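Hello,

Here is the structure I promised to hand over. Please have a look at it, then read the notes below.

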Amino acid sequence: MHILPFLAEVPIADLDRERVQRFLSHDIAALPDGAWRNTYKVVKTMLTWATNNDLIARNPITGVKQRTYKAAVHDDDIQLIDKRTTIALDLLRWLKNEQHKHYVLILFMFLGLRRSELLGLTWNCIDDDDTDVGARIHVRQQLSRAKGQGRFIDPRTKNNKSRIVYMPHEWWVDLMWHKVTTYPEIGDWRDDLVFRRDDGMHVNYTDVQKIWDDVLDAYFAARETKPEKWRLHYNRHLTASMMFRAGQNLQYVQELLGHSDATMTLYYTHFSAQAKKDAITAYGDALEKGDWGRLAKINEENPVSE
């Protein structure tokens, strides 16, 4: 009932980002937070379906600013995050010990990359490990889909902002181990992808979710514990949780995850490259060795400038 009065007469082909933004920011601005959020979800679902079924070339809701509000955090939410954080940490250790074929793919899920960014990662986005700068990932593109084109590399991120993610040295070593994996040559952009299927093709959204589900099933079977499932995107929340647990501050975590927030952007410039490298290296140590104190110490030594 909130959508039809404003969009019922608009052909779907004419729904561009500006019109969707006006609908969300003006037409339904008076709705309470809950009703606004539900309306947003319905519109997003409709437009995503239209995009996936080639009714429109590009989803116009991508990059549209959402309403900001403070959601209540309940004790049950905190307990669930803590529980899954513990599982995630043990899962990564188990995958590495097993030398699991998908270890590096799962590991990179905990660098805060979006699913589209992870699957669109190419080797020219990876800087070699260097004693001065360190190994870095240039997050500047994503795996996208357009009408008549199928999947392709979009030279933009979801919010049209590139960012640099620093890798712990041990993770770079693991990545180089993954790089020696050989795949059939396809003869196009897929040959440069960091993560590919066994047949050499790109990993699509359904593939990566199945990989995640299968890895969880294997892990819980090996641990002989009750299985627990969660969606792939939830790992971005767990990444933030683990970074906070490791003592890192809000501003760096927002940059790591690539969240758009104009009020926080002013703070981002106050993080030096060395501080970012130290933070992510300590984060790697925390995951590998359970050494959470080191990152907390780094955070104290590199406060956010006012």
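**Core, cavities and sheet**

Start at Phe108. Beyond its neighbours within four places in sequence, Phe108 is in contact with Leu113, Leu118, Leu121, Ile137, Met167, Leu175 and Phe195. Keep in mind that this is a predicted model.

Phe108 belongs to the largest nonpolar core, which has 54 residues. Ile106, Phe108 and Phe110 have the most contacts inside that core. There is also a second, separate core of 16 residues. Val20, Phe23, Tyr40 and Val64 are among them.

Next, the cavities. The count is two at 30 Å³ or more. What lines the largest cavity? Its lining is Met109, Leu113, Arg114, Arg115, Leu118, Leu232, His233, Asn235 and Arg236. By class, that gives four nonpolar, two polar and three charged residues. Helices α6 (115-119) and α9 (234-245) each supply at least two residues of this lining. Leu113 and Leu118 line the largest cavity, and both are also in contact with Phe108.

Last, the sheet. Three strands form an open sheet, ordered β1-β2-β5, with antiparallel pairing. β1 (126-127) and β5 (163-166) stand at the edges with a single partner strand each, so one side of each has no neighbour in the sheet. Strand β2 (residues 136-139) is joined to β5 by four bridges. One of the pairs is Arg136 with Tyr166 in β5.

Over to you.

Best wishes

Conventions: Residues are numbered from 1 along each chain as its sequence is written. This is a predicted model: local features need pLDDT of at least 70, side-chain atom pairs count only at pLDDT 80 or more; totals for chains, interfaces and linings use all residues. Side-chain values use heavy atoms; hydrogens and water are left out. Two strands pair if DSSP finds at least two bridges between them. On a 1 Å grid over the protein atoms alone, a cavity is a set of points where a 1.4 Å probe fits but cannot get out, and a pocket is an open set with protein on both sides within 12 Å along at least five of seven lines; lining residues have an atom within 4 Å of a point. Grid points are joined across faces, edges and corners, and a volume is the space filled by probe spheres set on the points. Ala, Val, Leu, Ile, Met, Phe, Trp, Tyr, Cys and Pro count as nonpolar, Asp, Glu, Lys and Arg as charged, and the others, Gly among them, as polar. A nonpolar core is a set of buried Ala, Val, Leu, Ile, Met, Phe, Trp, Tyr and Cys residues joined through side-chain atoms within 4.5 Å. Buried means under 20% relative accessible area, exposed over 50%, partly exposed in between (1.4 Å probe, protein chains only). Contact means heavy atoms within 4.5 Å.
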